[in-house]
Amino acid sequence: MSKLPTRSPTHEEVEIPRLASMGLELEDIAEGDEVQLSALVELAEDRGRPASHYIAAIPLATELKLAGKAPVTLKVCAGNCQRYGALDLLDHLVEKWTDAAGKFAIAPMTCLDRCDQAPACEIDSADGKLVLAPATKASLDEAIDSLSS
Ligand code: FES
């Protein structure tokens with residue numbers, strides 16, 4: 001983590017002990033070293049927690065990764081960027097993914113080295129890499145729609 005935004009944090013991050021216990025739950029539903037997003041969403045619903053909390057737990061509390069290959073991969077910082085709205089972006093992406101399964105994959109990361117422009121996302125596609133920092137729900141929607149159409 002290099003720098004922080006000059007703005008004050010706008011969100012709470014999930015505490016480490018909670019992430020650790022969610023990490024253990026994820027290990028129970030993992031297949032090899034991967035977790036299916038659909039299984040994670042089901043687990044989150046069962047536990048009454050946002051899916052974004054479990055997605056953040058993947059890079060922060062496990063050696064697992066989210067399964068899924070797609071023409072477009074969205075790398076989302078789930079580290080300190082949580083304090084600037086990264087979890088909201090993840091929940092938005094899960095909703096969008098549910099409507100358009102297969103169109104893109106989500107890859108939560110501990111840091112994308114753009115901490116001063118949190119929340120940070122990178123979109124990898126055949127067209128190259130697009131950095132969105134700070135990312136918003138609207139900028140993610142626009143990027144996904146243009147890249148995957
Ligand atoms: S904490 Fe470094 S980019 Fe999010």
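1. The buried residues of H1 pack against strand E1 (34–35), helix H2 (37–47) and helix H3 (51–61). Two residues are in contact if their C-beta atoms, placed from the backbone, lie within 7 Å. Helices (H or I, at least four residues) and strands (E, at least two) are DSSP runs, numbered from the N terminus. The model is predicted: local features need pLDDT of at least 70, side-chain atom pairs count only at pLDDT 80 or more, and totals for chains, interfaces and linings use all residues. Residue numbers start from 1 along each chain as its sequence is written.

2. Helix H1 covers residues 16–29, which is 14 residues. From first C-alpha to last it reaches 20 Å, close to the 20 Å expected at 1.5 Å a residue; the expected span is 1.5 Å times one less than the number of residues.

3. Which residues of H1 are buried? They are Leu19, Met22 and Leu26. A residue is buried if 20 or more other C-beta atoms lie within 10 Å of its own, exposed if 12 or fewer, and partly exposed in between, with C-beta atoms placed from the backbone. Seen down the axis of H1, the buried residues fall within an arc of 65 degrees, so they line one face of the helix. The arc is that of the directions from the helix axis to the C-beta atoms. Pro17, Ser21, Leu24 and Asp28, on the other side of H1, are exposed.

4. The axes of H3 and helix H4 (residues 86–99) come within 8 Å and cross at roughly 110 degrees. Axes are lines fitted to C-alpha atoms, for helices over the stretch in contact, and angles run from 0 to 180 degrees between N-to-C directions. H3 contributes Ala51, Ser52, His53, Ile55 and Ala56 to the contact, and H4 contributes Leu87, Leu90, Asp91 and Val94.

5. Two peptide bonds deserve a check. The bond from alanine 118 to proline 119 is cis, with omega near -5 degrees, and proline 119 is in the loop between strand E4 (104–109) and strand E5 (121–125). Alanine 133 and proline 134 are also joined by a cis peptide bond, with omega about 0 degrees. Proline 134 is in the loop between strand E6 (128–132) and helix H5 (137–148).

6. Aspartate 113, in the loop between E4 and E5, has a positive phi, near 65 degrees. With 13 C-beta neighbours inside 10 Å, aspartate 113 counts as partly exposed.
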